[in-house]
Protein chains: 4
Amino acid sequence: MTSPQSGKAPARIGFWRRLVGLAAPHAGPRRAVGRRAWSGLRTLLAELAEGKGGESLARERVARLIGHYTALDTPERRRFFTLLEADFEVEEARVMASIEAYRGADGPARVRSRASLLQSLESPRLRILSQFKLVPEGVHALVSMRADLLKLAPEGAFAGLDQDFLRVFSAWFDIGFLELKRIGWSSPAALLEKLIRYEAVHEIKSWSDLRNRLDSDRRCYAFFHPRMPDEPLIFVEVALVRSLADNVQALLDEQAPTLDPATATTAIFYSISNAQAGLRGVSMGECLIKRVVQLLMQEFPRLRQFATLSPLPGFGAWLDARLADGAESQKWPAALAAQLAGGAMRSPAEALRHLMRQIIDGDRPEDPALKAWLTRECAAYLLREKKRAEPLDPVARFHFSNGASLGRINWLADPSRHGVQQSFGLMVNYLYTLREIDANHRAFAETGRLAAAPEISKLIDGVARPARPA
Amino acid sequence: MTSPQSGKAPARIGFWRRLVGLAAPHAGPRRAVGRRAWSGLRTLLAELAEGKGGESLARERVARLIGHYTALDTPERRRFFTLLEADFEVEEARVMASIEAYRGADGPARVRSRASLLQSLESPRLRILSQFKLVPEGVHALVSMRADLLKLAPEGAFAGLDQDFLRVFSAWFDIGFLELKRIGWSSPAALLEKLIRYEAVHEIKSWSDLRNRLDSDRRCYAFFHPRMPDEPLIFVEVALVRSLADNVQALLDEQAPTLDPATATTAIFYSISNAQAGLRGVSMGECLIKRVVQLLMQEFPRLRQFATLSPLPGFGAWLDARLADGAESQKWPAALAAQLAGGAMRSPAEALRHLMRQIIDGDRPEDPALKAWLTRECAAYLLREKKRAEPLDPVARFHFSNGASLGRINWLADPSRHGVQQSFGLMVNYLYTLREIDANHRAFAETGRLAAAPEISKLIDGVARPARPA
Amino acid sequence: MTSPQSGKAPARIGFWRRLVGLAAPHAGPRRAVGRRAWSGLRTLLAELAEGKGGESLARERVARLIGHYTALDTPERRRFFTLLEADFEVEEARVMASIEAYRGADGPARVRSRASLLQSLESPRLRILSQFKLVPEGVHALVSMRADLLKLAPEGAFAGLDQDFLRVFSAWFDIGFLELKRIGWSSPAALLEKLIRYEAVHEIKSWSDLRNRLDSDRRCYAFFHPRMPDEPLIFVEVALVRSLADNVQALLDEQAPTLDPATATTAIFYSISNAQAGLRGVSMGECLIKRVVQLLMQEFPRLRQFATLSPLPGFGAWLDARLADGAESQKWPAALAAQLAGGAMRSPAEALRHLMRQIIDGDRPEDPALKAWLTRECAAYLLREKKRAEPLDPVARFHFSNGASLGRINWLADPSRHGVQQSFGLMVNYLYTLREIDANHRAFAETGRLAAAPEISKLIDGVARPARPA
Amino acid sequence: MTSPQSGKAPARIGFWRRLVGLAAPHAGPRRAVGRRAWSGLRTLLAELAEGKGGESLARERVARLIGHYTALDTPERRRFFTLLEADFEVEEARVMASIEAYRGADGPARVRSRASLLQSLESPRLRILSQFKLVPEGVHALVSMRADLLKLAPEGAFAGLDQDFLRVFSAWFDIGFLELKRIGWSSPAALLEKLIRYEAVHEIKSWSDLRNRLDSDRRCYAFFHPRMPDEPLIFVEVALVRSLADNVQALLDEQAPTLDPATATTAIFYSISNAQAGLRGVSMGECLIKRVVQLLMQEFPRLRQFATLSPLPGFGAWLDARLADGAESQKWPAALAAQLAGGAMRSPAEALRHLMRQIIDGDRPEDPALKAWLTRECAAYLLREKKRAEPLDPVARFHFSNGASLGRINWLADPSRHGVQQSFGLMVNYLYTLREIDANHRAFAETGRLAAAPEISKLIDGVARPARPA
């Protein structure tokens, strides 16, 4: 399995070794996996694909397979994936025969031949993967295996294998069978530790930072799978506040007083993280947000507003390119031009970040012109820039497609080094307004329309669509 | 839903009414479901099939659909199934187009087109059914709906719809996701009551009978689905004894002393019942038996033998036909011939049952010749009679295909009226001998061989296969 | 232990035997407990009383003591209690010395000497009993032991021992540490079975009767001790209805329709039973009723009235005596006089019951004069008859002292054979009116006043107090 | 309540305010509690002492009392305790009368009069305190209240009140009703945080330090009270190792490899902490150690040795005094004499600690003479120094009285600054050898004998008892 959490690897290996009686640990000096071993592995895979001998035999085989896999090193894992991709593919001849039978059939025979066709489209590989659920840790093991695949695979490689992974996972991780649980300071430390590890938006710096995020005016919810009860799949962090939050550092300030949550009017979703790399492409975020909105409305009837405080992961790079390109440089704010004229800066992007840093640090007064220009650029980035007809920014894409609207662009919202690097300190609020979600969602799906507050829309009205930076 | 348990129906309807705000109860004088209502139902189904609007909308729609369905009477339910069968079928044009695309594609394009082909083979109906899991009681509701279908459907009708039910259920009720639980006298009365209702082999006559079956020298295990926690899916009853049981009434005798289970050497699986009519065709029995064998071996290391005490559901009818036919009448035992000569009996079958009853009631001494003849007939029935190359007797088919062997034929094993009617009082032990199960299973699957104890096999050795009764 | 539940005794003994390695079972042919055994038992008691050697040793001793006790037969148990009463009594010399020290002490010395005095008043026996809690089943074992004592003890015997039992139990079964739990049809069958066994007011006739008492418009609550989680201590059965219930057979009718409990206005406490004979004198009933009233008010805000439907356990015997005595025979109703004149009856009481039976069975029309007379007699019985300044009727005593008022006398309320025998079919409603409970309670405690509805009070106004039947 | 955990105080106050509707918070600028408030408080106490009005009224009163108390500042709390001490004392007149009655009584009357005497010895205050259990948080509140009392009370003050606290607590916190639970990394963070706060022997420096102490080769167990489920009462930390540990820093080293606990032979109890200041004097430690020994023996049958690695809290001060005194200075090791001759040191104690520091830091070679002298002094301190006939050292006293023996004196066992200050870096192992515990315990209790390994005993054989430092 992947071991980003190297500290736990020995324990996990210990588990598999106990389970399968493996002699060889994963770590330490590796002996080459000999030809005999590969031949044994192939036989094992073939047996699993054929499925002879009932469930208890299958269980034992899966355990052996996981043990084998765990002991492989990186090149061997790649070879293992290649084996699965190449040798356990759908049998085309059988598919073609089923297709012929299907075309000829009618009435009840068509129903039966449809079942045969469906079956012929199931690769032997799919049967192998789908049996991982038979052992207690098998679901987790398969998720970790796909995480390995995604890390090792060149773009576009192993397409058939990955399709089968996704086919298995979309059945297993069906939203209808996941459990939504609240995580709090009374949750097991072993689970909280994983929040620290998996948080992908705003790093959790310490246990005290974490505790603050689980205080009485905060909420954290995660989806769990019944067979991976110790592993959050995706989690969201929410702050209960009295007005639309415009600064994430203020939200995360451990010294800030705790609000009586019963008096909150606004719920800010300030972080949402996928916890399992192996589940990429299995969509859970939209549903998580909507379910949490419902739970919060029940618990706090005074809540009126649900919004995110979101990063702009692509804005920095996009504007960097525009600046390098000199696009619309005639509109650049005076301060930026002055800074560049000074000559000490290597690039406009560097100059701009330097300006922001100075303002944040109080070494330079607020600059309304700079703010207006940057805000306009940001609006253009969010509402105009597309990739295959969808918003270029991945976070924007996620929220717009869920039916959210762009509510506000916040200046100096993330003054951290990372925030300035990523998006010149800007963050945005996406609003989840209950009575508009469905209409927004439909408009987006059908016409690509992006819902935004009028004051943001008008910033780019009449402005020609900016030329796409090369 | 089906309401075999009419006592609970009001509560259930109450639930759906609360859930969906339905005004009309199922029971009571029915108003015709008007044209408008059917049109609304069709629209609802279409919306579910299209799946627009996210999960919370889908959840609400499923709840409404269940409410609608619950209020239908029997003819309306048949019409509802007809609607699903006819109007939400796979779109053949799309399938054909996908097939064409698939045949032309190659490399990565083939992987993609395979996914499209698969998707085109999913009927809109399948999408409707698979969304039932979104509401808490939806899984149970869908199982009940299929139970209705099986009850209403003429043989072979609704084949496409039923195929989709099975496709959904085989994903949901995958053995890997079921929970095996022990049921005992400390289980909720509401659950135990269901054992009484669902027991299909040896009727549970009272709470005191049930309590006896859950005593310290008895075990009962069932599979449960996490979303139907109050409903056993299939359950097995086991007696821990000191020798191969040959009489089921002795096992069920409430007055019999309780054995210290730690001293038991033999586990008798004397009853296995499918509890959900709607899950017909979803195979769980083999796995249940094997898992229980493993659990028992762990709990009682002294157990040496695992066997059933099984009924012969088809033996009575089979032998009735042979007797009526006069087949091999020269071999009939003297007592039967004498009885018939007496002239009071209408048929050989009646005469034979009368003889058995007299022996059971002690009105006639044991009759070794009768016993030998009947045992031989039984052996022939079990080991020779086939239907499509498999054993004619359904219980025999089940156990032989699981890898069991025929261990013993028990004379006077079920002396109840039902036992004499069904199989002239005979019952058999199938043995689950751990080190032979796989070999038996394979031999059965590959060559059709039926494993049997030598003393039974030799009863029919050299005997020509009996002519099949007409 | 007592074994009213003889079916379970072997299992329990098995438990103790496992625990303590006892060879001899309680049941079966008894060998005399020899002199050596009694001497060993006395040593064991002495060691427990001295308490040397730490907790683990004490635990082992208690287990051995329970094992010993379990194996004793009835005469031996009496001897065992005699041993405890006589040989493990408070040491009077030490008490007297402590008293002297206490009288002489002052300031801090007095505090210390008070502690010594207290300690000297703890009998060695008390130390023995209080250590039973050290083993898991010890609390239950001690309760059962006192049940034995109460059964075996002549009135007034073993006063010191029983005082120590009560002292231990009033600490252990402090209301503050008991758990109030709802019992329903989803409770374990093993627990429900105990309701059937322990119900003391209206016999539970079958599982189906029980199920009806646990339906959605019924409630059952019990107190439990954390160390006896499978044993209810006291339980109450409540019916949620729309008006003051006047007939218990109607409440218990399994065919009666189930009410939507949300529409109920009245909660009828129709049965309250102490489940543990060994806890006689440990008061829990008042508190149970008040807690259940609070719970019901929370669950059903529309409830307006809390009342009992109570038996009159002493009314039959009291009126029998008055009738035999001929007291106020000039006021007897005409029907009774006529019946007696007929001469077929042996006594007025028999005649009266015969009349009631006829009315109940519909063989005789309602008789307003009879009803008025009997109701007045009943009012006099309840409100006038005293024993040591408290109501003679034990149920009346219980409810009046809790602050209830007498609300209504119900004619033909318990038409069962037992009801006619016990109270000529009459039952009464005691009302728990929240805003009056405390005042009633205080008036009763301070002045002995019995609260009653005006229409009942006036029945006996101006009537001289009936002479007490001999 | 005490609020050492000031971070949580607001939440707790919030709880009481919600519970009791108090307007005034504890913190913030205080308004004087006026005469009226004190009079109200006194009335409330009197009502509780009298106990009129049933349990629900009592519950409400306790909640109000807790609310009142919570709002008091420190001087007011002292006044509150004074009120309880002075005005709710045992009524001496009633005691004297009961004594007279008792002396005169005989037979059953004596049993009754003993009950009266006992009751007269219960102060009204005791009745007040014992009702705290009626509210959910009351048990915890009373423990916190006594913690306040111990902090505020001059030695010997409030003796009567404190006696009543102890009387209540010894009933509530009876070992027989406490729950022993394992604490691990899967325990709630909110609980683990309390270990960090309460650890009294070896400070827990970080969450990572804590995690290391809960690793697979470590164990932590605590006693809990069912009514304070989130508060450990006392906890012990155990290391599973392969030989008698002689260095606590090695045990706590986060980098040290993790042992497979199944291969451990020795369990080291390296820390035991009382978590509740308010439970001082309620003995739980001995029982905790013995229960944990039993649990460990069950889990790890290969364990052969149970020992502590214990600090010497009084050794530093004791030896400081001896050094200052010049006692036996002719035996001082050469290095110490040389150091003092150097003249830079202000005292022999300072010189000795300086030497130890140098050895620990590797700035000076090992010094066998110094080691031998210091070890002998330590042996003398532990085995000879007494206070009221018991060992002077409190930790030694605890373990000797539990039946442990002194197994080894470890040089350089706690090289931390605190370790050198407290005991010149020395620590000791007390051994819990199962087959000797009872004999040791008895010898200690009866003759005061201290069990010690022969090699330690002989260090002080023939040596005159050192003169007690002034």
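## Exercises on a predicted model

In chain A, residues 176-432 have end C-alpha atoms that lie 22 Å apart, and the span is 40% helix and 18% strand, where helices (H or I, at least four residues) and strands (E, at least two) are DSSP runs numbered from the N terminus. The UniProt annotation "domain: Malonyl-CoA decarboxylase C-terminal", from an unreviewed entry, covers these residues; UniProt positions are given in the numbering used here, feature names are shortened, and annotations may be inferred rather than shown by experiment.

This is a predicted model, in which local features need pLDDT of at least 70, side-chain atom pairs count only at pLDDT 80 or more, and totals for chains, interfaces and linings use all residues. Residues are numbered from 1 along each chain as its sequence is written, while chains are lettered from A and ligands numbered from 1 in the order in which they are written.

**Exercise 1.** Describe the contact between chain B and chain A, and find how the two copies are related.

*Step 1.* The contact takes 31 residues from chain B and 31 residues from chain A, two residues being in contact if their C-beta atoms, placed from the backbone, lie within 7 Å.

*Step 2.* On the chain B side, the elements giving two or more residues are α3 (54-70), α6 (107-120), α9 (159-172), α13 (285-299) and α20 (434-447) of chain B, and α6(B) gives the most, with six residues.

*Step 3.* Chain B can be laid on chain A with an RMSD of 0.3 Å by a turn of 179° and a shift of 0.0 Å along the axis, with copies superposed by least squares on the C-alpha atoms of residues with pLDDT of at least 70 in both. The two copies are therefore related as by a two-fold rotation axis, and the same surface serves both, since 100% of the contact residues of chain B recur in chain A.
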